[in-house]
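Thanks for asking me to look this over with you.

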Amino acid sequence: MGQEIEIKSKLSLKRSAKTEESPVKVVEFPDERLPKPEPPPGINDGDENISPPSKAPVPVPENRFPAIGKYLKTVLSRRITGEGDSDGDGVTEFNMSGVTVVVRRKEEIEGNESFEGDCGAVRKILREKGLKFSEINLDVYPAREKELLDRTGGSTVPQVFFNEKLLGGLVALNSLRNSGLLDRTAKDLLGSKCPDDAPGPPVYGFDEPEEEQMDEMAGVVKILRLRLPIQDRLVRMRIIKNCFTGKELVDVLLHHLGCPRNEAIEVGKEIVRKHFIHQVFGGTNFEDGTELYRFLEHEQFIPKCFNFRGSTDDREPESPVVIGQRLMKIMSAILESYASEDRLHVDYLAISNSEEFRRYLNLVEGLQRVDILLLSLDEKRAFFLNLYNAMVIHAVIRKGSPDGMMDRKSFVTEFQYLVGGNSYSLNAIKNGILRNNRRAPYALVKPFSAGDSRLQMALSTVNPLIHFGLCDGTKSSPSVRFFTLQNVQAELRSATREFFKSNTVEVDLMKRTVNLPCILKWYKADFGNDKEIIKWVMNYLDADIAGLLTHLSSDGGFVSILYQNYDWSLNS
């Protein structure tokens with residue numbers, strides 16, 4: 001099943017003070033769940049549990065494989081399985097032969113933190129064998145985790161079923177493949193009709209029963225929608241559509257709730273705070289007077305908001321952290337099933353017809369009145385990075401791939417989401433929020449004007465790494481990915497290194513030129529002048545290219561920066 005849990009362990013070998021001049025060695029030991037490689041003939045002759053090789057053993061010198069190797073393997077196995085002594089903080093340390101050995105276990109990573117893992121390996125094996133399969137991803141279908149527990153006795157994933165028969169995880173599948181029995185097993189088990197007691201495939205259009213809590217103000221708002229005199233009014237030689245005054249709202253509350261006027265005013269303030277209504281001319285407070293208000297569903301930007309489907313979501317909004325994590329998980333699950341392994345190619349048609357995308361559309365309706373101000377700086381950065389990448393996929397599905405400059409402008413400005421009572425386009429998210437309200441390339445104005453309520457959402461600092469975490473749906477843009485709210489900075493650095501690895505920086509020492517991706521030219525304001533750009537880029541290049549660039553820029557001579565052409569075609 002679709003959740004991926006990645007567990008890594010590391011052994012650090014540090015020389016004692018007596019041999020301090022020797023370099024530090026680090027031994028990476030593979031995950032215990034992965035199939036173990038067979039040892040060369042003759043290594044395990046003394047082990048009673050291992051059959052002798054069929055061929056004559058190859059003589060191996062005794063000092064070729066030091067005893068410490070076997071001992072470390074045993075200690076690591078015990079530490080991971082919970083056996084052996086430990087100091088309680090996940091670190092085991094012991095000394096032998098003048099060597100200090102530290103066994104340190106990394107924290108478990110929950111959910112779909114990485115596309116590399118057992119689930120991805122299982123998919124790859126099944127696809128290589130041409131076996132059609134249905135995947136039940138627990139991030140998309142959380143209610144089926146109980147079924148997993150009942151059928152397997154645990155929650156470890158992935159678990160592979162051939163009809164009703166539990167095959168096991170990656171190790172079992174890989175063992176069958178390596179032994180040549182996978183094809184025969186599949187033929188034997190799948191040759192007959194699938195029984196009724198086999199795990200059922202996901203069904204399109206059905207949601208698990210979920211306890212929904214209506215907002216405490218939903219009942220009052222329902223009365224106001226029915227009783228308020230909502231109409232068009234002429235103000236300052238302008239026609240203001242679908243509005244009412246603060247006094248009219250207070251009068252309705254007095255009549256239907258029978259409360260004192262000061263309490264009715266407090267109710268009005270709470271309704272504004274929860275984004276059920278807004279002040280027409282941009283204020284954030286509620287006043288008992290002639291100021292004009294309108295309901296959220298009557299705002300002029302609503303027809304452009306593609307996560308608004310007919311009516312305002314009156315449910316109690318989820319925490320922005322919770323809904324941000326759910327968005328990350330479901331979109332990661334979509335990429336696992338409908339994108340290439342390197343995430344550079346996306347099957348938009350398959351996504352549009354998938355149950356995962358249908359559930360995503362239901363999820364983003366819950367963004368309409370969510371309180372984004374509750375997020376920390378890094379949480380907000382990850383939230384809007386993920387929202388941007390998800391919106392691009394949705395925009396391509398609904399509007400198609402943009403052709404030409406005018407289509408691209410419409411693509412980034414006209415496709416919007418309703419988030420926390422405000423509308424956000426792709427341009428508003430990238431340049432208004434993530435870039436602290438800076439102008440887009442070749443734009444004359446900033447995304448948010450003075451007094452715009454969205455300015456309070458803008459990040460206080462600009463992190464240039466965001467440009468390598470945003471995918472605009474083109475072949476030259478970074479690969480599409482989604483970030484965790486807790487580790488966004490480290491994941492952005494990884495994304496940047498990956499981008500420069502696939503988009504090679506070319507250095508010509510003779511001509512004293514360096515050829516960089518066009519993103520660095522368009523958003524030069526975020527990276528600095530030419531020297532600062534070169535210095536910044538060197539942090540994310542392979543050592544060989546970074547060395548050439550260091551050599552070129554260290555003599556103080558002029559370095560000419562050229563920029564690569566940008567491929568605007570769709571990354572499908």
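1. Helix H7 passes helix H8 in a right-handed crossing (right-handed if the near helix is turned clockwise from the far one by less than a right angle, left-handed if anticlockwise). H7 covers residues 246-257 and H8 covers residues 261-273. Helices (DSSP runs of H or I, at least four residues) and strands (runs of E, at least two) are numbered from the N terminus. Please keep in mind that this is a predicted model, where local features need pLDDT of at least 70, side-chain atom pairs count only at pLDDT 80 or more, and totals for chains, interfaces and linings use all residues. Residues are numbered from 1 along each chain as its sequence is written, and side-chain values use heavy atoms, with hydrogens and water left out.

2. The axes of H7 and H8 come within 9 Å and cross at roughly 120°. Axes here are lines fitted to C-alpha atoms, for helices over the stretch in contact, and angles run from 0 to 180 degrees between N-to-C directions. That angle makes H7 oblique to H8, since under 35 degrees counts as roughly parallel, over 145 as roughly antiparallel, 65 to 115 as roughly perpendicular and the rest as oblique.

3. Which residues of H7 meet H8? They are Lys247, Leu249, Val250, Asp251, Leu253 and Leu254, and their partners in H8 are Arg261, Ala264, Ile265, Val267 and Gly268 (contact means heavy atoms within 4.5 Å). Ala, Val, Leu, Ile, Met, Phe, Trp, Tyr, Cys and Pro count as nonpolar, Asp, Glu, Lys and Arg as charged, and the others, Gly among them, as polar.

4. Now for another helix pair: the axes of H11 (residues 355-365) and H12 (residues 377-399) come within 12 Å and cross at roughly 115°. H11 is therefore roughly perpendicular to H12. Their crossing is left-handed. From H11, Phe357, Tyr360 and Leu361 meet Ala390, Met391, His394 and Ile397 of H12. The residues of this contact divide into six nonpolar, one polar and no charged.

5. Finally, have a look at the open sheet, where three strands follow the order S13-S14-S15 with mixed pairing (two strands pair if DSSP finds at least two bridges between them). S13 (506-508) and S15 (560-563) are the edge strands, each pairing on one side only. The twist averages 20° from one strand to the next. S13 and S14 (residues 513-516) run antiparallel, joined by three bridges. Helix H19 (residues 543-554) lies across S13 and S14, at about 40° to S13.
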